[in-house]
Amino acid sequence: MTGKITLIGAGPGDVELLTVKALRKIREADVVVYDRLINPELLHECHENCEKIDVGKQPNYHPVPQAKIEELLVTKAQQGKQVVRLKSGDPYVFGRGGEEGTKLKKQHIPFEVIPGITSAIGGLTYAGIPITHREYASSFHVITGHLKSEEQALDWQTLAKLEGTLVFLMGMAELATITDKLVHFGKKPTTPVAIIEWASRKKQRTSVGTLATIYEIALAAQMEPPSLIVVGGVVALREQLNFFEEKPLFGKTIALPDTQTKNMYHRLIDLGAEVIEFPPVSFNWLSKPDRLPNAADNLVFMDPHSVESFAAYLVKAKKDWRYFSQSHILSIGPQTESTLNKLGLLPDSTYRTLADFWSISKNQDACNLYIGETQGIQEIQQRVKGEKRQRFWVTHEELAAKIPISSITTADYIYLPSSKSAALFLEGLTVEAQQVLKNKKIIVMGELTGNRLTSRQIPVIQPAEPTYESAIETILQEELHEKSDHRC
Ligand code: SAH
């Protein structure tokens, strides 16, 4: 059976500007064929076995020819695959989506198109420029600046007369021609112009001038493609409407472990940071003992996965929570507590961290059954040192994933929320990456977490409280210091 091809517009670059429908299709795809301007973070959404083909760049740095791309799409679809053709912005705005669609239709291959936010509109928005405005522009025109390849040259006389906002794509190589022609055919040299490089990405930069000055300004600032050239009065509104470049963590990258909750992740993005997640750790579920635990033991749950694993074990052993009706239930970490809550259980006490449990809990001398993964259990074992009444139940082992060195080199901050995540992080690093670490700002939660790094002579920063809000506050404070240092 023939597969299907979905042409998708991925938007200008901020990964969250993808449509809900596009996200589902990317997750379902067997093959994703993508272009040069696609934010590589998007590809993390593909499933494990998805084939990802970069047609933006070949080993000799030339893009794959259009005819070859079309052939590739047809072949993959004929093999019965669900193929996603991922393009930047909108597929039909200078994206050759029309050509690819026609070719597929001719070959009777089912295809559909999911529109995206074009950089010609959304890219301007991220630079604080509305493409229309009642006082400045009542129309807009999106124009290719790739002048040499056009069969018909642009009608400059008409373009220069237009009152609406002019947006040139692919125009950087022809910036001087564009500004000269517009002035030559009658646009005022004082008309405002903006150039936006890598719109909506962490590396976004904007230069502002007029038709008379922008060429020199762009040259001095070394503005390069991909950039948008915006001509018109709306450019002036940037001073009032700029929001993205003014966010407190704009331009900063923070690397952190992949978590289920994403609280920290989303908060950082909202503050303007680009966030890199380390690849997820894998789980090795351990076989269970054949003897039921003692019904009188207190249960100390050390992480959310252990709760789920233990609950599943009980059902298999033909028991339910009533078996432990005499026991106290204790949980370490708020996520562990909420997982217990989902199972209808209210822990008697919850501790934020293992260190808290150790310093505050009155239960350490009672008969406890600690339920957790290998590392957490090892930490407890070191502390109780053979105390007979303490028992242990290892549910699983977490295996570190290899961390690409690029996520360390590009990061301004690394955030490690727990001692376990710090251990897995260090395990996943190459020796080379460990060296780079010494020059990074590493925010750690809790003393135990910090010790993992300081014992290797890697400096860390401790937030005032072991909460993610406090970690964010620390990053913001660091940024303020950095900015005032620059000013001095
Ligand atoms: N289909 C795309 C445009 C593809 S043509 C869209 O709708 O946005 C490629 C040109 O688009 C680049 O040369 C540049 O001019 C512009 N472009 C695309 N993404 C951009 C971005 N994030 N920042 C600045 N310009 C961008």
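Biologist: How many bridges join β11 to β12, and do they run parallel or antiparallel?
Modeller: In this predicted model, β11 and β12 run parallel and are joined by four bridges. One example is Ile254, whose bridge partner in β12 is Val275.

Biologist: Which helix belongs to the β-α-β unit with β11 and β12?
Modeller: That is helix α9, residues 263–270. Together with β11 and β12, helix α9 makes a right-handed β-α-β unit.

Biologist: Which strands form the sheet, and in what order?
Modeller: Four strands form an open sheet, and their order is β12-β11-β19-β20. The pairing in this sheet is parallel.

Biologist: Which are the edge strands?
Modeller: The edge strands are β12, residues 274–277, and β20, residues 441–444. Each of them pairs on one side only.

Biologist: By how many degrees are neighbouring strands turned against each other?
Modeller: On average the angle is 25 degrees, with direction ignored.

Biologist: How many bridges join β11 to β19?
Modeller: There are two bridges between β11 and β19, and these strands run parallel. Ile254 stands opposite Tyr413 in β19, and Ala255 has Ile414 as its bridge partner there.

Biologist: Are the residues of β11 buried or exposed?
Modeller: Thr253 and Ala255 on one side of β11 are buried, and so are Ile254 and Leu256 on the other. Both faces of this strand, residues 253–256, are therefore covered, since buried means under 20% relative accessible area.

Biologist: Which way do the residues of β19 point?
Modeller: Tyr413 and Tyr415 point one way, while Ile414 and Leu416 point the other way. All of these residues are buried.

Biologist: Which residues line the largest cavity?
Modeller: The lining includes Ala10, Gly11, Pro12, Asp14, Leu37, Asn39 and Ser88. By class, the lining residues divide into six nonpolar, four polar and one charged.

Methods. Residues are numbered from 1 along each chain as its sequence is written. This is a predicted model: local features need pLDDT of at least 70, side-chain atom pairs count only at pLDDT 80 or more; totals for chains, interfaces and linings use all residues. Side-chain values use heavy atoms; hydrogens and water are left out. Two strands pair if DSSP finds at least two bridges between them. Axes are lines fitted to C-alpha atoms, for helices over the stretch in contact, and angles run from 0 to 180 degrees between N-to-C directions. On a 1 Å grid over the protein atoms alone, a cavity is a set of points where a 1.4 Å probe fits but cannot get out, and a pocket is an open set with protein on both sides within 12 Å along at least five of seven lines; lining residues have an atom within 4 Å of a point. Ala, Val, Leu, Ile, Met, Phe, Trp, Tyr, Cys and Pro count as nonpolar, Asp, Glu, Lys and Arg as charged, and the others, Gly among them, as polar. Buried means under 20% relative accessible area, exposed over 50%, partly exposed in between (1.4 Å probe, protein chains only). A crossover is right-handed if, with the strands pointing away from the viewer, the path from the first strand over the helix to the second runs clockwise.
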